[in-house]
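This report goes through selected features of one protein model. The sequence and structure come next.

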Amino acid sequence: MASEKYNQTTKEIIDKVNCPHQVFTGQSTTSEVNSAYKKALEQGKKDGFIPVLVVSDDTMAEWLEILEDESYSKEDIMEQDRRDAKNILQERFEEYTDYLDEEENSTMSDLMGEKKDGETILELSSFENYGEDGIQETILFEIPVKNPWEVIAWLPMGGWNECPEASEMMEVCRYWYEKYGAIPAVISHDTLEFVVEKTVEDEEQAWQLAKEHYAFCPDRVDQGTSSGTIGEVADCLSKSKVWFFWWD
């Protein structure tokens, strides 16, 4: 259950984000956290906030130090000129697939694969303490923004390796919300999860979205599937209400 007894790193993150919150310690269960998130999501529609779960660790606390930097402005990020997220994703997709023809036995057809064997994801899980009981200490923030994509300005992460920088990530989140109703729900130092009300059952849309997921996070395919194919992600999207990304 939620608790006010939490570790120093969690306190640091709370102080940096500075908005209403509740904390789930390691004794809480995945089910309890999911239940609390769903309740907060409904409450936020009435009270004008977007709930986001933040997994507490030293790296996340380090990422969020930018919030205390005088050069950083949440308002500037939220008010930035709108960019074409589809173009951002297409450029990233081309960047990550340009090498395919250069490698023996590696083709676009191999990467695409078949639309099958995708897992069904219905619950948030980035906060799980894998291999052990309980969860990692996790904070449920009530971010005082109107639009779901704006939470990225409050909780900036990314800009390293293949993880998009916060400004690009926010544009992609806006695009996916407007097209699919996808809401950023869990942020850790290397993962991001979205919730959607409806699965993507249209065949063409599932394939296109799976390609966009690969462009957004190549590890979603390269390390997050058993077949290493975009088709497996497309199948997952056709029956899942949680989208999961992890950057190694």
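Thr 229 sits in the loop between helix 10 (219-222) and helix 11. The model is a predicted one. Thr 229 is buried, at a relative accessible area of 9%. Its side chain comes to 3.3 Å from the backbone nitrogen of Glu 232. With neighbours within four places in sequence left aside, the contacts of Thr 229 are Asp 110, Leu 111, Met 112, Gly 113, Glu 114 and Val 221.

Helix 5 spans residues 85-97 and has 13 residues. From its first C-alpha to its last, helix 5 reaches 18 Å, close to the 18 Å expected at 1.5 Å a residue. At the N-terminal end, helix 5 is capped by Asp 84, with a side-chain oxygen 3.0 Å from the backbone nitrogen of Lys 86.

Which residues of helix 5 are buried? They are Ala 85, Ile 88, Leu 89, Arg 92, Phe 93, Tyr 96 and Thr 97. These residues lie on the same side of helix 5, because they cover an arc of only 150° around the axis. An α-helix has 3.6 residues a turn, so residues three or four places apart point the same way. The cover over the buried residues of helix 5 includes helix 6 (108-112), helix 8 (166-180), helix 9 (203-216) and helix 11 (230-237).

The largest nonpolar core has 85 residues. Within this core, Val 17, Ile 143, Trp 176, Phe 216, Trp 243 and Trp 247 touch the most other members. Helix 8 gives the most to the core, with eight residues. In soluble globular proteins, nonpolar side chains tend to be buried together. Val 17 is in contact with Leu 64, Leu 67, Phe 141, Ile 143, Trp 154 and Leu 155, leaving aside its neighbours within four places in sequence.

The cysteines are the last topic. How many disulfides does the structure hold? It holds zero. For Cys 19, the closest cysteine sulfur is that of Cys 173, and the 17 Å between them is too far for a bond. Cys 173 is likewise in no disulfide, and the nearest cysteine sulfur to its own, in Cys 163, is 10 Å away. A disulfide would need the two sulfur atoms within 2.5 Å.

| Residue | Relative accessible area |
|---|---|
| Cys 19 | 10%, buried |
| Cys 173 | 1%, buried |
| Thr 229 | 9%, buried |

Conventions. Residues are numbered from 1 along each chain as its sequence is written. This is a predicted model: local features need pLDDT of at least 70, side-chain atom pairs count only at pLDDT 80 or more; totals for chains, interfaces and linings use all residues. Side-chain values use heavy atoms; hydrogens and water are left out. Buried means under 20% relative accessible area, exposed over 50%, partly exposed in between (1.4 Å probe, protein chains only). Helices (H or I, at least four residues) and strands (E, at least two) are DSSP runs, numbered from the N terminus. The expected span of a helix is 1.5 Å times one less than its number of residues. The arc is that of the directions from the helix axis to the C-beta atoms. Contact means heavy atoms within 4.5 Å. A polar contact is a pair of N or O atoms within 3.5 Å; within protein, one must be able to donate a hydrogen and the other to accept it, and residues adjacent in sequence count only if both atoms are side-chain atoms. A nonpolar core is a set of buried Ala, Val, Leu, Ile, Met, Phe, Trp, Tyr and Cys residues joined through side-chain atoms within 4.5 Å.
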